[in-house]
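Biologist: I have not looked at this one before. Can you show me the model, and then I'll ask about it piece by piece?

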Amino acid sequence: MAVSSKLILSGAVAGLLLITGCSKLEQANGGKGYAGKADTPAYETGGGQYSAGGFKAGDKESWKETLDVRAKAQNEYVRTGDSAKAQ
């Protein structure tokens, strides 16, 4: 194979990859848009071995309360007793 034909072939492959990689998602997925699974809100998931105590799946208020308690437990000012700086 001559050098010029290798150059033409590699240019054609690079051009094809560029066109394919830069195509819109709607075109790449047959016009359906995002093909992944739908996201669920964090408070609707739950259970399992990694769920926080007191959190009930599907209850947004208990989820928010659990996050607030966790954030307060991680606040260094509250943990050391200097609650004046905790705000």
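Biologist: What does the accessible surface of the protein come to, and how much of it belongs to carbon and sulfur atoms?

Modeller: The accessible surface is about 7,600 Å², and 58% of that belongs to carbon and sulfur atoms. Accessible areas are from the Shrake-Rupley method with a 1.4 Å probe, and for residues only the protein chains shown count as cover. This is a predicted model, where local features need pLDDT of at least 70 and side-chain atom pairs count only at pLDDT 80 or more, while totals for chains, interfaces and linings use all residues. Residues are numbered from 1 along each chain as its sequence is written, and side-chain values use heavy atoms, with hydrogens and water left out.

Biologist: How many helices and strands are there?

Modeller: There are 4 helices and 0 strands, in the order α-α-α-α along the sequence. Helices (H or I, at least four residues) and strands (E, at least two) are DSSP runs, numbered from the N terminus.

Biologist: What percentage of the residues count as buried?

Modeller: Of the 87 residues, 5% count as buried. Buried means under 20% relative accessible area, exposed means over 50%, and partly exposed is in between (1.4 Å probe, protein chains only).

Biologist: What share of the contacts comes from residues 24 or more positions apart?

Modeller: They make up 0% of the contacts with a separation of 6 or more. A contact means heavy atoms within 4.5 Å.

Biologist: Different topic. Where is Glu44, and which residues does Glu44 touch?

Modeller: Glu44 is in the loop between H2 and H3. Leaving aside residues up to four places away in sequence, Glu44 touches Ala57 and Gly58.

Biologist: Is Glu44 buried, exposed or partly exposed?

Modeller: Glu44 counts as partly exposed because its relative accessible area is 44%.

Biologist: And where does Asp59 lie?

Modeller: Asp59 lies in the loop between helix H2 (25-28) and helix H3 (60-73). Asp59 has a relative accessible area of 31%, so it is partly exposed.

Biologist: Last one. Where is Leu17, and is Leu17 buried or exposed?

Modeller: Leu17 is in helix H1 (residues 3-21). Leu17 counts as exposed because its relative accessibility is 60%.
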